[in-house]
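Welcome! Here is a short briefing on how some side chains pack together in the structure below.

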Amino acid sequence: MALYTINGQQIHTAEEGQPNRQVALLIHGWSSSWYAMSPLLGLASQRFRAIAVDLPGYGESPPLPERVTIPAYADLLADFIEEVTDGPVVLIGHSMGGMISLIMALRYPVLVERMVLIDPTISGRLSQYINVVVSPITILERFGLGSLIVSTVEQLMVGISDRLMRPASFAERTGITAEDYTHIRGDVRRPGQGRVRAECFFAMRESDLRGRLSQVETPSLVLWGAEDNTVPLRDAGVVADEWPEADLRIIPKAGHWPHFETPDTTRRQIASFLGLPLFSDELHTPVSDKEFTRIREVAQFLAHSNVGNNLNMAQRTRLAAQCRQRAYPPHTDIVRADDAGSELYIVQAGTVEVWSDPENPGQAPRHPHRMATMRPGQLVGELAMLDQGLRSADLIAGPDGATVLTLERDRLLALCEDDAILGSRVLWNIATAMSQRVRFVLWQLQRASQRQRGQPSPRKTLPSIPMEIPTYTSAEMPSPPAN
């Protein structure tokens, strides 16, 4: 835990990740603490300095001196962001934390690069169950005597709030663990927080965002549990109607806490949207600064490669993390024709020469000829990688050597499983590059055949798509397209 003082207000936080990275700010919801965001803290720390806050009045943070409002929370967190970083942040908000995130994006758009919102409060009108069963207790807690009565009754009734809140919070087939449930329940009934719980209940109703979502320009992923009985799906309908740019996804078998109830599904969606480097079986593995720098450099390079066409920075970062970098001296073998294929190669620097024997296709060359020279940005070896057959040619580093990025078949398959959108785009780019090469080879064969018959070369049949990609030095490399 770390402690900050912002404008005289103490804010307790939990933090993971390298301190020199972009900040991801995790904001919990009503009647919670930083622990409500704990399943995502390690996940976000792969790429970011992840900070989960205790909002004033919750967890270990003392309450605000004045009555709680959602804009007051947003203003305080904006000042907090200016204290901890000098650039825009990623916001990850749950429930009321989602409403706070949206207010921040509206009031301080330059501070927010992108958002992940989990069952966010939009209208401020919670479910009928909450309003009928839970809100009377919340209203009582607004006053000192009422809070004492509620606390006394709960002790006598052995956890009455547990029985009331469980059907409002979790799906019928929830996957939340007993340990997490116990901790969340403890936050809901933490002593001394009755006033702030009541004030937040009314503050959400006063901050109805209907009619304002179309003004939000921040790229956002919105996740919603299909069985949420706290913030009902009618608010998701408002998102669909007023904010079509948001990526809205409904998660089955989840209530108000999908990051606890269906953690694998939720983590995969967030990892894909934020461009986190690692896959689902390694989502909590730290990424060193050295490795992260390499990943960012490769991601920038991929913007100018065949395989990186039409991928944004987050997608290229995720793809770059799956590639391994290898350097070869001049005229050395990268792979032989009789080797089994399990990876493709993306030329990053230098050249790769393709040598084959047209008279003995698919066999070790007896009289090899240089068939092609692959330059930075082009890929080669994809056929053998896809079908795991033998290579059809020798790949040899050019006269200046070669640096290549290798993508193994199992990493490509894992990419498709973890991130279907990105996986399909990568496969499409591979297929497009293959088709360009096949068309060029067919044109060459047609031209050779016509020359043998004494006919003029079919100049107009030359494909209009260039086969070579310019080579850039690091200083000349154009900036990648915006996300």
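**Rings and cores**

Phe 201 is buried (under 20% relative accessible area, with a 1.4 Å probe and protein chains only), because its relative accessible area is 4%. This is a predicted model, where local features need pLDDT of at least 70, side-chain atom pairs count only at pLDDT 80 or more, and totals for chains, interfaces and linings use all residues. Residues are numbered from 1 along each chain as its sequence is written, and side-chain values use heavy atoms, leaving out hydrogens and water.

**Aromatic rings**
- Rings of Phe, Tyr and Trp (its six-membered ring) pair if their centres lie within 6.5 Å, and planes over 60 degrees apart count as edge-to-face.
- Phe 201 and Phe 202 are an edge-to-face pair, because their ring planes meet at 85° with centres 5.3 Å apart.
- Trp 257 and Phe 260 also pair edge-to-face, with centres 5.9 Å apart and planes at 65°.

**Nonpolar cores**
- A nonpolar core is a set of buried Ala, Val, Leu, Ile, Met, Phe, Trp, Tyr and Cys residues joined through side-chain atoms within 4.5 Å.
- The largest one has 54 residues, and Tyr 73, Met 96, Ile 100 and Trp 243 have the most contacts inside it.
- Apart from this core lies another, of 27 residues, including Ala 299 and Met 385.

Definitions and conventions: Buried means under 20% relative accessible area, exposed over 50%, partly exposed in between (1.4 Å probe, protein chains only). Rings of Phe, Tyr and Trp (its six-membered ring) pair if their centres lie within 6.5 Å; planes under 30 degrees apart count as stacked, over 60 as edge-to-face and the rest as tilted.
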